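This report covers a loop and the nonpolar core in one protein model. The sequence and structure come first, followed by the notes.

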Amino acid sequence: MASNPPTGKLKAPTLPTMFTLFAKYRPTLNSFQGDGKRILLSQSDCWMQQANLIGPKHFTLTQTGLIFFEFRKSTLDYDEYIQFLTMLCNEKQVNLEEVKEKLTNCGPPGIAS
């Protein structure tokens with residue numbers, strides 16, 4: 001008996017849903033298992049690397065760390081993360097909407113896009 005493919009369309013990813021996925025993601029050598037509501041710097045860096053935002057055209061890991069630690073917290077919620085992205089983009093004069101689009105469309109954690 002052949003299985004029928006699902007008839008519903010996949011939902012397009014959104015920045016909030018991708019935030020939740022990466023905030024739950026457990027990068028290598030990290031024992032922290034997030035609940036999807038707050039994101040660590042290591043999870044954010046992993047997300048940015050997967051979205052091809054780490055490198056000469058966009059950001060360095062040092063830059064992401066310096067801006068992240070301006071919040072004086074070990075984790076950021078979604079609203080704080082948007083502030084983080086805004087600050088990072090302003091400092092590097094990078095288009096915030098382009099960064100959000102790359103983060104939204106890079107695929108779930110651990111998937112090469």
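## Leu53

In this predicted model, Leu53 sits in the loop between H2 and H3. Its relative accessibility is 0%, and because the cut-off for buried is under 20%, Leu53 counts as buried.

Leu53 and Leu103 are 50 residues apart along the chain, yet their C-alpha atoms are separated by 8.4 Å.

## His58

The loop between H2 and H3 also holds His58. This histidine is buried, with a relative accessible area of 4%. Its side chain makes a polar contact of 3.2 Å with the side chain of Glu98.

Not counting residues up to four places away in sequence, His58 touches Asn52, Leu53, Gln63, Lys92, Val94, Glu98 and Lys102.

## The nonpolar core

The largest nonpolar core has 26 residues. Trp47, Met48, Tyr81, Phe84 and Leu103 are those with the most contacts inside this core. At least two core residues come from each of helix H1 (15-24), helix H2 (41-50), helix H3 (61-68), helix H4 (78-92) and helix H5 (96-104). The most is given by H4, with six residues.

Leu103, one of the residues with the most contacts in the core, touches Leu15, Met18, Trp47, Met48, Ala51, Leu53 and Leu85, again leaving out residues up to four places away in sequence. Two of these partners, Trp47 and Met48, are also on the list of residues with the most core contacts.

Key
Residues are numbered from 1 along each chain as its sequence is written. This is a predicted model: local features need pLDDT of at least 70, side-chain atom pairs count only at pLDDT 80 or more; totals for chains, interfaces and linings use all residues. Side-chain values use heavy atoms; hydrogens and water are left out. A nonpolar core is a set of buried Ala, Val, Leu, Ile, Met, Phe, Trp, Tyr and Cys residues joined through side-chain atoms within 4.5 Å. Buried means under 20% relative accessible area, exposed over 50%, partly exposed in between (1.4 Å probe, protein chains only). Helices (H or I, at least four residues) and strands (E, at least two) are DSSP runs, numbered from the N terminus. Contact means heavy atoms within 4.5 Å. A polar contact is a pair of N or O atoms within 3.5 Å; within protein, one must be able to donate a hydrogen and the other to accept it, and residues adjacent in sequence count only if both atoms are side-chain atoms.
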